[in-house]
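Here is a friendly walk through a multi-chain model, with a look at its interfaces and a few side-chain pairs. Please keep the structure open as you read.

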Amino acid sequence: MAIGRQGTGSSPAAGLLQRPQGTSGIASWLTTVDHKRLGILYILTSMTFLGLASVEAFIIRLQLAAPNQQLVSPDVYNQLFTMHGLTMVFLAIMPLGTGFANYFVPLMIGARDLAFPRLNAFGYWIYALGGLFVYTSFFLGGAPDAGWFAYAPLTSLSNNPGNGIDFYMIGLFIGGIGTLVTAMNLIVTIFSMRAPGMTMMRMPVFVWMILVTAFLIIFAFPPLTVALFQVIMDRTFGTLFYVPSAGGLPILWQHLFWIFGHPEVYIIILPAFGVISEVIPTFSRKPLFGYPVMILSGIFIGFMGFAVWSHHMFTTGLGPVANTAFSLTSFVIGIPTGVKIFNWLGTMWGGAIRFATPMVYALAFLFMFVIGGITGIMLAMPPFDAQANSTYFVVAHFHYVMGGGALFAFLAGLYYWFPKMTGKMFSDRWALASFWFFFIGFNMIFMPQHFAGLMGMPRRIQTYDAGLGLEIWNLVSTAGTFVMGVGMIMIVLGFVHAFRSGEPAEDDPWDARTLEWSTSSPPPHHNFDEQPIATDRDAWWAKKYPDLAHADDGSAYEGIDFDAGGIHMPGQSWYPFLLSFAVFIGGYGVMYDNWPLAILMGLVVVASTYGWAFEGVGGHHVHPRSSAQEGAGD
Amino acid sequence: MAGQAPSVGAPAPAQSHGWRSSTLPDTKLLMWIFLASDVMFFGTLIGTYLIYKGRSIVGPYPLDVLDIPLTTVSTFVLLMSSFLMVIALHALRQGNIPGFRLWTFGVAFFGAIFLGFQVYEFRHFVELGLTLDRNLFGTTFFVLTGTHGVHVAIGVLWLLSIVVASYVRPQHWQAKDATYLEVAGLYWHFVDIVWIVIFTLVYLVDFI
Amino acid sequence: MPMTQWLRRAAFLVGGMLLLGGCEFTGLQSTLDPAGPIAQAQHDLLIWSYQLSWIVMIATFGVMAYVLIRFRRRRDDPDRIPAQFHGSAPLEIGLTIVPVLIVIAVAVPTVRTIFATETRVTPEAGDVIVNVTGYQWWWRFEYPELGVVTANELHIPAGRRVILNLDSADVLHSFWVPRLAGKRDLIPNQNNQLWIEAPDPGTYYGQCAELCLGAHAYMKFRVIAESDAEFEAWADSFQTVDSRAVQGDPDVQQGYQLFATKGCTNCHTVQGYRDGSSVGTPDFPNLTNFGLRTTLAAGIVPNDRENLEAWLRDPQAVKPGNYMPALWQEDDPNADEEIAAIASYLLSLGAQSGPEAQASLGGSHGDR
């Protein structure tokens with residue numbers, strides 16, 4: 001909360017940290033507040049975690065390739081699948097969406113950064129350090145092992161001594177702070193920093209989906225934060241929240257977790273829907289079919305996302321009335337999702353479809369998300385769920401929607417926006433070849449898992465017996481990991497090669513529709529030389545092809561010099577990183593009951609907060625149109 | 001804001017730079033959104049308290065320890081602090097800097113008194129045998145009211161910092177900067193409202 | 001390029017259909033091979049939704065395939081911008097109605113089945129009641145009306161309803177015997193109920209379906225449905241149990257003694273082990289009539305001499321993570337003999353129940 005004010009940032013109080021101004025080197029990355037740099041940091045960090053989670057998955061699949069294997073002990077196996085799930089959900093897929101939001105929301109709405117640039121940086125660092133915190137568990141006594149949803153009372157101190165669960169609870173607590181503040185930042189940005197002429201109903205669908213997602217985060221993360229806090233209290237101070245012998249109710253954890261956990265999957269998928277809603281229109285050369293319906297369905301999905309959580313608890317004995325209620329809400333939430341699929345098809349209908357790599361991934365998304373959605377409807381039937389819950393059928397379902405859905409959609413986004421972010425073009429042929437390995441491998445892994453589940457294979461078992469009919473499904477599934485692995489490596493190599501020596505990319509290589517394509521690739525630090533003005537939905541397309549759009553003429557903003565006095569750009573700062581780092585170290589203090597350390601870090605947090613406030617908004621002015629005038633000072 | 005074309009020349013509020021598509025200051029919007037998340041946060045803690053109500057296996061039980069008259073006084077003090085907050089904001093908006101400093105300090109002071117009551121109450125409960133790990137009542141009560149107390153303490157610190165800042169950098173605490181006090185006020189009022197809910201559900205409900 | 005893509009996609013789909021059609025889905029734990037009314041009802045819902053899903057998939061993927069071919073960019077006019085239409089309200093409404101109808105089609109049988117299978121039932125005459133308690137990593141089955149306490153093997157009369165009261169002594173577990181019924185969780189402080197029925201006699205495989213760490217993967221059980229007469233005989237065998245070893249078999253006698261001296265009685269209950277006092281605690285598997293059981297270590301290996309001796313020698317090798325300690329050091333010279341003796345004793349339990357056994361024991365040792 002700002003106490004200080006807009007100042008020039010060039011006269012810090014004695015003893016406080018100077019605002020750095022370099023643009024290269026490690027310090028410039030540690031102190032950056034540029035949403036584009038932070039977006040890239042998010043993307044690179046989440047891809048790193050994706051790689052780690054893939055390694056964990058690979059070992060899991062090797063272990064399960066044949067019955068009664070003992071490649072890893074049960075204890076290690078439990079850590080592997082727990083970390084795989086935790087990493088994928090919290091550290092890979094969700095932050096990937098955040099990264100795209102960070103990079104592209106300001107560009108798409110014609111703004112120059114997020115509303116609170118330092119807060120944005122803080123959100124990134126606390127995510128990265130929170131993830132690092134959880135991963136140090138492997139070297140500090142063992143990773144968490146109670147599954148990614150950590151059901152009580154398996155997480156109590158008596159049932160789970162050792163620090164693994166503490167890494168889970170404290171690590172996610174830390175990381176969740178970042179998610180929350182970034183969501184708040186994005187909401188303010190979207191409400192308050194849209195370009196002149198860009199009404200809410202002229203915003204790109206991606207921005208709308210991010211807005212809905214941000215609200216979901218605001219309402220969904222606090223219950224998780226409380227639940228994590230309760231378990232930390234149980235394990236550290238002996239409170240009785242989840243102690244059955246004192247009357248504690250393990251089912252309360254499930255309720256709180258899933259009140260968070262179900263909206264979480266919509267937090268993951270809505271940005272993915274947003275990406276698809278940009279890619280498909282661009283590569284069909286038509287506007288999105290049913291724009292208002294797409295927005296409304298997104299909002300409806302977000303809203304309903306809070307009404308379905310107990311479909312994860314159908315087997316816990318809630319009773320037929322509760323099960324019926326949550327079953328019906330879960331069916332209903334499938335309807336707006338189906339509507340979206342139809343609208344994407346309607347966008348392509350009558351178009352001129354180009355099968356560039358982003359489009360191919362988007363089409364794969366459509367295929368696999370429909371499959372995942374169908375198994376989701378099946379699982380929404382409590383009687384069937386009684387058989388399928390906690391089996392590989394569920395594992396197959398959520399991998400189809402999260403992997404085949406969100407991951408493929410984000411890969412479409414990555415290919416779509418790679419030229420914009422790097423100024424380089426990738427090789428379409430290599431990308432398509434890697435796609436086929438990736439896509440076929442993915443389906444080889446997860447389609448058989450439906451059947452393994454139906455044949456009676458529960459989740460989270462490190463081995464299974466011969467003679468139950470599970471062998472073939474597991475073998476094919478493991479074989480698929482090699483195919484998909486080849487695809488993953490090819491994808492990474494393709495990007496690395498393109499980044500190093502790809503052809504220079506144009507500003508608008510795809511003849512796209514939204515404002516990020518109106519500026520250079522990559523965009524300048526200040527995003528746009530001139531403040532863009534929106535005259536219609538698909539603001540950039542309307543500029544390029546005014547005859548094709550129903551644009552207004554923008555005369556309302558004629559003659560206004562929006563950047564009189566120069567474009568104000570935010571200044572870099574050490575405080576976001578410093579504050580995050582203090583929280584990170586403080587986490588270890590709490591973990592090891594090292595209260596002096598925790599308190600010391602708490603004081604650093606307080607001091608950093610004061611430093612941040614007294615540093616003030618700061619910033620400098622940029623004059624792109626005047627001759628060679630860029631830099632600090634005002 | 002929804003669906004309207006932003007009007008030409010919408011005055012960019014003093015705290016932000018460049019064009020704004022909303023007349024609501026950024027920090028104020030941020031605070032409202034933060035408070036929305038805090039509603040869920042406290043809602044979950046209160047929900048936990050209510051779910052575990054009556055499920056303690058051993059005592060002390062609420063009726064054994066809660067002191068309604070005492071807590072009524074501390075609640076009144078907190079309510080009065082919110083009133084002072086309104087006066088402080090009004091003073092700053094009028095440019096009455098001494099008044100703004102006095103009343104803001106008053107809010108912090110009353111908040112500190114409330115915290116004093118809380119500390120006394122917690123110690124008294126511990127003496128009566130109610131601890132964090134004694135029973136579900138102890139667990140849920142102390143975590144809920146303790147979290148609220150931490151929120152109050154942060155607010156007290158924040159308001160005192162504002163008062164100090166108004167001496168150290170007076171040029172930044174004039175009438176035009178009232179939004180920054182208003183934002184602190186929003187937080188403070190929220191914390192007060194949460195206490196009203198806690199007071200009702202934890203204290204009064206058992207006795208009425 | 002797009003043509004081959006569409007062909008590949010079609011091939012994938014068709015191949016998938018063939019695969020499904022040609023495969024066998026019967027299996028010992030298969031949900032696709034129901035053997036009881038609840039599992040049947042759940043299976044029927046699956047098949048119904050599966051059939052509806054083919055409508056959805058054919059429609060959606062069919063349209064998609066059509067669109068990808070018909071509306072792809074033409075090589076001869078690569079920069080053509082097609083008509084920029086934005087939507088169609090009638091189409092939107094119509095397209096929304098279709099999923100609504102499908103949802104209704106799924107929801108109606110779903111709700112019916114929920115109430116048919118998940119409503120809490122009150123026991124009626126003829127029902128068998130079992131209190132199931134989940135432990136890490138085994139199942140305690142207590143028949144309160146029949147005075148039977150056993151572990152890991154649930155005998156039930158075929159064709160009669162069995163009401164299971166589910167509780168857990170430690171962490172979450174889940175009772176799942178796929179061919180008979182979907183699962184229900186065992187949650188401490190919460191008494192869940194599941195009822196099952198097996199019309200046909202047979203053995204049905206079950207497994208814990210909620211992560212309970214340790215030996216979770218090895219926490220299995222068997223449900224043995226048998227005729228009324230067999231079930232009663234089995235239940236009766238727990239009423240007249242005298243486990244103090246069949247006279248005349250020195251191996252068994254030795255095992256009986258070792259069962260105490262090696263400390264087994266500290267944990268395990270064997271009814272009738274000692275006159276007038278019980279041994280063991282309820283928190284460990286009850287070994288009464290152990291010789292009658294078809295599996296050991298919670299349903300994971302057949303109960304025969306070889307497996308039993310391997311288990312006694314090194315429980316961790318059979319079921320990593322379980323709580324049974326290793327009772328013999330690697331170099332213990334007596335290990336082989338003692339293990340064989342205890343195995344003989346355990347396998348004898350249940351063999352001597354019934355009036356014949358009473359007679360052979362000379363009557364005076366009958367324990368009730």
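Which residues are linked with A:Arg285 in a network of salt bridges? The network joins A:Arg285 with A:Asp508, A:Asp511 and A:Lys544. A salt bridge here is a side-chain nitrogen of Lys or Arg within 4 Å of a carboxyl oxygen of Asp or Glu.

Before going further, a word on the ground rules. This is a predicted model, where local features need pLDDT of at least 70, side-chain atom pairs count only at pLDDT 80 or more, and totals for chains, interfaces and linings use all residues. Residues are numbered from 1 along each chain as its sequence is written, chains are lettered from A and ligands numbered from 1 in the order in which they are written, and side-chain values use heavy atoms, with hydrogens and water left out.

**Salt bridges**

Over all chains, the count comes to 21 salt bridges.

| Pair | N to O distance |
|---|---|
| A:Asp563 and A:Arg112 | 2.9 Å |
| A:Glu615 and A:Arg118 | 2.6 Å |
| C:Arg161 and C:Glu124 | 4.0 Å |
| A:Asp465 and C:Lys220 | 3.1 Å |

Take the pair of A:Asp563 and A:Arg112, joined by a salt bridge. A:Asp563 sits in the loop between helix H15 (539-544) and strand E1 (567-569) of chain A, and A:Arg112 in the loop between helix H3 (74-109) and H4 of chain A, so the pair ties together parts that are 451 residues apart in sequence. Helices (H or I, at least four residues) and strands (E, at least two) are DSSP runs, numbered from the N terminus. Both A:Asp563 and A:Arg112 are buried; buried means under 20% relative accessible area, exposed over 50% and partly exposed in between (1.4 Å probe, protein chains only).

Next come A:Glu615 and A:Arg118, whose side chains meet in a salt bridge. Helix H17 (residues 595-615) of chain A holds A:Glu615 and helix H4 of chain A holds A:Arg118, so this pair ties together parts that are 497 residues apart in sequence. A:Glu615 is buried, with a relative accessible area of 12%, and A:Arg118 counts as buried at 12% relative accessibility.

In chain C, C:Arg161 forms a salt bridge with C:Glu124. C:Arg161 lies in the loop between strand E4 (153-157) and strand E5 (162-168) of chain C, and C:Glu124 in the loop between H3 and strand E1 (128-135) of chain C, so parts that are 37 residues apart in sequence are tied together.

**Chain C against chain A**

Here 93 residues of chain C are in contact with 94 residues of chain A, contact meaning heavy atoms within 4.5 Å. The area buried between the two chains is about 8,200 Å², with carbon and sulfur atoms giving 70%. Buried area is the accessible area (1.4 Å probe) that two parts lose on being put together, summed over both. Between chain C and chain A there is 1 salt bridge, formed by A:Asp465 and C:Lys220. On the side of chain C that touches chain A, the elements giving two or more residues are helix H1 (2-22), helix H2 (37-70), helix H3 (89-118), strand E7 (181-186) and strand E9 (202-207) of chain C. H2(C) gives the most to that side, with 16 residues.

**Chain B against chain A**

The interface of chain B and chain A brings 51 residues of chain B into contact with 53 residues of chain A. These chains bury about 4,700 Å² between them, 72% of it on carbon and sulfur atoms. How many salt bridges are found across the interface of chain B and chain A? The rule finds 0. Helix H1 (26-52) and helix H5 (136-168) of chain B each supply at least two residues of the side of chain B that touches chain A. The largest share, 16 residues, comes from H1(B).

**Aromatic pairs**

Over all chains there are 113 aromatic pairs. Rings of Phe, Tyr and Trp (its six-membered ring) pair if their centres lie within 6.5 Å, and planes under 30 degrees apart count as stacked, over 60 as edge-to-face and the rest as tilted. A:Phe133 and A:Phe584 have ring centres 6.2 Å apart and planes at 80°, so the pair is edge-to-face. A:Phe133 is in helix H4 (residues 117-135) of chain A and A:Phe584 in helix H16 (residues 575-591) of chain A, so the pair ties together parts that are 451 residues apart in sequence. Both A:Phe133 and A:Phe584 are buried.
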